[in-house]
Amino acid sequence: MRPFSLWLERFSQFVSLPAAWGIFLTGALIYIVSEWRIRFLALIVQYAFIGVLFARVFDTRPEMALMKIVVGWLICGALLLSERIRRVEQRELEPVGRWAANLPFRFLLLITATVVARLASQRFALPYVSPDLGLACFLLVVLAVLFFGTEEEDPGVVGIGVLNLLAALEIFYFAQDPGLLVSGLMVSLNLLVGLAISYLTVAEVAV
Amino acid sequence: MTLPGPVFLMGGLFGGAVVLQLLRRWTGLMAWLAVVITGGMSLFIALVPLGRRLSLGPVTVSLGDPLNLFGRLLIIEPVDRLPIMFIGTTAALIFVIAWRLLPHSNFFPVGLAIVALLAGSLMVEQVVFAALMIEMAAVLTVFPLHEPVERADGRRYGGRIKGGLQYLVYATLALPGLMVTQLLLEQFAIFPADLQLLRTATILLSLSLALLLGAVPFQSWLSSVATDGSPPVVTFLFTINVGTVWFLLLAYLETYRWLSVQTAFGSLFTSVGLLMMVIGGALAASQRRLGRLVGYATLVDNGAMFVAIGTGQVAGLSLTLIILMARPLALGLMTLGLDGLRRLGKGSDAIDQLAGAAWRAPWRTLAFMVGGVAMAGFPLSPGFAARWGLYRLMAEASLFQAVLALVGSSGVMMGLISAVRALLTPGSGSDRGAALTEDRVVVILIFVLLGCTLALGLFPQPLSQVALQMAQGFSFFAP
């Protein structure tokens, strides 16, 4: 193994548990803040954390982790652009730092989701992945479910939920079958989902 | 240079999609090219034997040759031919319908790409790749589904995107189950004594397919898509995307025999199917929106297919395929009707806003009505032969279940009668608008589809023969 790969593997082992919680915190920020610029900043940071976990999954091919981050940031750019177009079309000027509606309810849901993910990762340990990667998968899945369940009318947030679900699946699946073809198809799928969500965001106000 | 069948088919479709994207300015040219490409694909598959090498100028095509992609094989098996023909023919039919309804639409190029992916999912052996192709096709479908539709006065309607979002979410939720099934099957090949792996694989595969087919309790996307989506694209989704999932289900039952020999197989399919028929029928009967009626009629139709497979007989399998093949005609007619009625309602398909619309758009109302009768499986439609056969088959085992299935179908009919009654009731003075300016080509299309529906309703033998031929390709119910 090359020295850089060795260093990267040790680094990702060290930071993978904080990265898992980092994913959850950024997801929670997306969930409780309605200001779209903050949401996209959080998504950009979330993709950096997902990249760290990918470095753990693809320990001999760190370029895959880099590609995941680049693809994620590309999607963030597309989502940001379409959200901006939507806001201009709707002529909505929202003050920075506005919180999402039903904030106490959202906090309660987030706490419940954290407990569920933590217990699920202990009770139903995912095979062939380390406990911290398993925890990350569960956290991403509960975030996706929260986004689908409570933000079903907002294409941007539902789209982030879809991307989170795909990221959880990738971490779990690639730990067992890190084939090049599946990886390539998953990258294409992520890009397509990003494009579709951007399109839907704009299509909603195009009429 | 020799091209394997998968490269020729998928490459041709993807290449065609790129060309059509460049020709979007010319709707007629784009639509008919799409028809020629998909129809040509069907003809090619039908006429050229898999083992034969065919010289096409500088290239030689060998349909039966596999494509090896990083060690994964894509191959056209004899059992794949009829499903691919069905996809191609149905796509060609829907492109003809969309020709006059969706000017300059991205539906034609995107539709070709979707057909390529779905055909690919039938050719690939591993579940994981089929699942990824189905998911990609689902994501691509969202683009034309919510493309704003241009009215004759230059205004556009559309803008509600909930249906597409829900479809995207449900299709993505189905993906993990299918991909993990692949892992479990690979593990089972190493540890054949571990039957728990098979049990988990069965549950995951069933859940994923239920999500993709809109089985109860995952049916909400069907009605949302039908309410918010562009009618021709909804028809495409309900016939081609959903149809491919049905063919995949049959292919998995054929490949993984342990699925169909599970003791709960028949009762599970029958129970889910009956639940879908009863719930779909009840919801359809109380609908006040035409789009939702289309969605719930499809739910009942899918339920009937589940019940037919649940009989565990080759006859049931044939009935499933007849229902699937009859669906494009019925939904095509409903599409033509719904499109016109929505234009009349300025984008709305609420029955209350369309009072008296039958007098302003008679042909569209007729198309919607006959299409609805066909979807409900009532007489003088190809669906009737299949449903009648299904009721008889069910009655042999349980008369109560047969009556329940009939009640579900009647729910769709009741919803349709209620809708047509409202469309025929003249509105108040302020409600009366101008009549819909009919495109002659659309009227001709309506008549052609009506003729085909009635002809196949009166003489369903050609359809049942093709279905029987397809069913005989699957041997999992053979004694």
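Mentor: Let's start with chain B: the C-alpha centres of its domain 1 and domain 2 lie 23 Å apart. Keep in mind that this is a predicted model, where local features need pLDDT of at least 70 and side-chain atom pairs count only at pLDDT 80 or more, while totals for chains, interfaces and linings use all residues. Residues are numbered from 1 along each chain as its sequence is written, and chains are lettered from A and ligands numbered from 1 in the order in which they are written.

Trainee: What are the bounds of domain 1 and domain 2 in chain B?

Mentor: Domain 1 of chain B is 1–125, and domain 2 is 126–472. Those bounds come from an automatic or database domain assignment.

Trainee: How many residues of each domain take part in the contact?

Mentor: There are 31 residues from domain 1 of chain B and 36 from domain 2 of chain B. Two residues count as in contact if their C-beta atoms, placed from the backbone, lie within 7 Å. On the domain 1 side, the elements giving two or more residues are helix H3 (78–101) and helix H4 (107–123) of chain B. H3(B) has the largest share, 13 residues.

Trainee: How do you know what's a helix and what's a strand?

Mentor: They are DSSP runs, numbered from the N terminus: helices are H or I with at least four residues, strands are E with at least two. By that count, chain B has 19 helices and seven strands, while chain A has seven helices and zero strands.

Trainee: Why are H5(A) and H6(A) called roughly antiparallel?

Mentor: The axes of H5 (residues 131–150) and H6 (residues 155–174) of chain A come within 8 Å and cross at roughly 160 degrees. Axes are lines fitted to C-alpha atoms, for helices over the stretch in contact, with angles from 0 to 180 degrees between N-to-C directions. Under 35 degrees counts as roughly parallel, over 145 as roughly antiparallel, 65 to 115 as roughly perpendicular and the rest as oblique. So H5(A) is roughly antiparallel to H6(A).

Trainee: Is that crossing left-handed or right-handed?

Mentor: H5(A) passes H6(A) in a left-handed crossing. Left-handed means the near helix is turned anticlockwise from the far one by less than a right angle; clockwise would be right-handed.

Trainee: Where do the two chains touch, and which helix of chain B gives the largest share?

Mentor: The contact takes 28 residues from chain B and 26 from chain A. On the side of chain B, H6(B) has the largest share, ten residues. That side divides into 19 nonpolar, five polar and four charged residues.

Trainee: Why are H6(A) and H6(B) called roughly parallel?

Mentor: Their axes are 10 Å apart and they pack at an angle of about 10 degrees, so the two helices are roughly parallel. Among the residues in this contact are Leu165(A) and Leu169(A) of H6(A) and Val169(B) and Thr172(B) of H6(B). By class, it has 13 nonpolar, one polar and no charged residues.

Trainee: What makes Tyr128(A) worth a look?

Mentor: Most residues other than glycine have a negative phi, and most peptide bonds are trans. Phi of Tyr128(A) is near 65 degrees, a positive value, and this residue is in the loop between H4 (103–123) and H5 of chain A. In chain B, a cis peptide bond with omega of about 10 degrees joins Val216(B) and Pro217(B).

How values were computed: Nonpolar A, V, L, I, M, F, W, Y, C, P; charged D, E, K, R; others polar.
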